[in-house]
Amino acid sequence: MGLFGKKKEDGSGRKPEEKPEEKQQETKVYIQGAGGTIVTRSILDGTSKLKWLFRQESEYGNGWVAFGDRDSQEYVDDPKNMAIVDFNTLANIEPSVVNVFYMPVGADLEFRCDKTGKYFVDTRTGEEIREKVKHPAQIAFEKNLKFLNQETYPTDFFRLLFTESSKIKVVPAGTADFPTGEVVLADPIAYLGSKYETVLDRRVPAGSYPVELSVCLSRIAGLRISAARLLISNKQAVRYEIAMPSGKKREDLGKPGVFTFFGVDTGLACFADKKISEECRIFFEKWGEEDQGKNKYTDYFAPLFQESYEANPQFQNQGGTFLEWALPESGQRTVLFSSGMGDGVYSGYWGVDEGGEISCLTTIFMNPEYF
């Protein structure tokens with residue numbers, strides 16, 4: 001454990017004071033929005049050097065507390081000797097603290113400086129921390145990259161993606177029309193209607209199908225769409241297989257130039273019929289000629305996404321997370337939705353029922369377990 005009993009309040013429940021001149025002091029910003037940190041005044045006035053750093057649940061800021069090497073138990077027991085300052089104020093005194101900022105509540109560290117350099121030691125494990133600790137969301141993102149685009153996943157994984165829990169909410173996003181049944185997966189802003197969209201090898205019966213979203217309420221990444229599915233029938237899928245591009249079969253997996261995924265470069269994805277994709281291309285070609293210099297997202301789709309958000313804000317981020325879009329001329333619909341953590345490459349998976357028929361098409365953006 002770190003130094004002393006780590007008291008920040010006296011019996012009156014008073015909290016550490018904020019010193020005006022410390023709040024106003026200009027500091028280099030190492031971390032934007034780092035929040036308030038409790039620091040002994042001896043560190044702030046230079047009469048002691050950082051020695052102990054720990055993180056606790058706190059109503060006063062980010063939970064980090066710093067003690068100096070000359071601070072006594074009596075000294076830290078007096079709230080007048082403690083101040084709440086921006087974490088960057090402490091970082092300007094000792095920049096090494098930036099390396100451990102993203103460690104979780106419960107972190108208990110001793111700061112050391114010797115001939116090998118400046119570093120922290122985990123007082124519980126003895127582990128030396130010399131490299132910058134990554135943000136939890138970055139760690140999850142890197143794990144997720146390795147998880148995506150596998151040939152298949154267990155059936156239970158797909159089932160749990162669309163099973164409501166404290167972390168997962170299943171949200172109806174609208175209805176997509178498939179007049180031909182030829183299915184396209186694409187980034188609707190960058191690639192729908194272009195040669196870079198992914199047309200799938202299997203068709204669905206012509207018709208209109210609901211789109212459901214698996215919304216992940218992540219503690220570290222906020223509200224994100226972990227998966228989307230096109231419901232073709234009400235029959236349960238008993239297995240899932242990767243959706244191959246048109247003209248390719250599963251036996252072609254791993255062959256040079258054979259890719260199962262579709263690219264996302266604007267943070268959005270969609271299910272669409274090939275006929276609607278072509279109509280979309282024609283519409284935006286005309287729109288671009290009439291409104292030269294305008295941006296397809298900011299000048300056209302952004303207001304529509306905002307309307308979607310205002311109509312159903314509970315499981316959307318401000319500005320809109322999904323949209324049922326009807327093409328202006330035909331009224332045919334497609335559904336646009338955010339793609340998990342944003343840009344990347346993602347694959348579709350056919351859900352197949354006991355009779356060997358397609359029951360759904362699912363795209364996976366995130367493994368909620370990581371987030």
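This is a predicted model: local features need pLDDT of at least 70, side-chain atom pairs count only at pLDDT 80 or more; totals for chains, interfaces and linings use all residues.
In which sense do strand E2 (residues 50–55) and strand E5 (residues 108–114) pair, and over how many bridges? The two strands run antiparallel and are joined over three bridges, where strands count as paired if DSSP finds at least two bridges between them. Within this pair, Phe54 stands opposite Asp108 in E5.

Residues are numbered from 1 along each chain as its sequence is written, and side-chain values use heavy atoms, with hydrogens and water left out.

E2 and E5 belong to an open sheet of seven strands with mixed pairing, in the order E4-E1-E3-E2-E5-E6-E7. E4 and strand E7 (128–129) are at the edges with a single partner strand each, so one side of each has no neighbour in the sheet. Ala83 sits in E4 (residues 82–86) and is buried, at a relative accessible area of 0%; buried means under 20% relative accessible area, exposed over 50% and partly exposed in between, using a 1.4 Å probe and protein chains only. The C-alpha atom of Ala83 is separated by 48 Å from that of Ala228, 145 residues away along the chain.

Asp122 is found in strand E6 (residues 117–122) and counts as buried at 5% relative accessibility. Leaving aside neighbours within four places in sequence, Asp122 is in contact (heavy atoms within 4.5 Å) with Asp108, Leu109 and Glu127. A polar atom of the Asp122 side chain also lies 2.9 Å from the backbone nitrogen of Arg124.

Turning to helix H7 (residues 274–290), its 17 residues should span 24 Å at 1.5 Å a residue, and its end C-alpha atoms are 25 Å apart, which agrees; the expected span is 1.5 Å times one less than the number of residues. The buried residues of H7 are Ile276, Ser277, Glu279, Cys280, Phe283, Phe284 and Trp287. Seen down the axis of H7, these residues fall within an arc of 160 degrees, so they line one face of the helix; the arc is that of the directions from the helix axis to the C-beta atoms. The buried residues of H7 pack against several elements, including strand E8 (168–178) and helix H8 (296–311). Exposed Lys275 and Glu289 lie on the face of H7 turned away from its buried side.

Terms used. Helices (H or I, at least four residues) and strands (E, at least two) are DSSP runs, numbered from the N terminus. A polar contact is a pair of N or O atoms within 3.5 Å; within protein, one must be able to donate a hydrogen and the other to accept it, and residues adjacent in sequence count only if both atoms are side-chain atoms.
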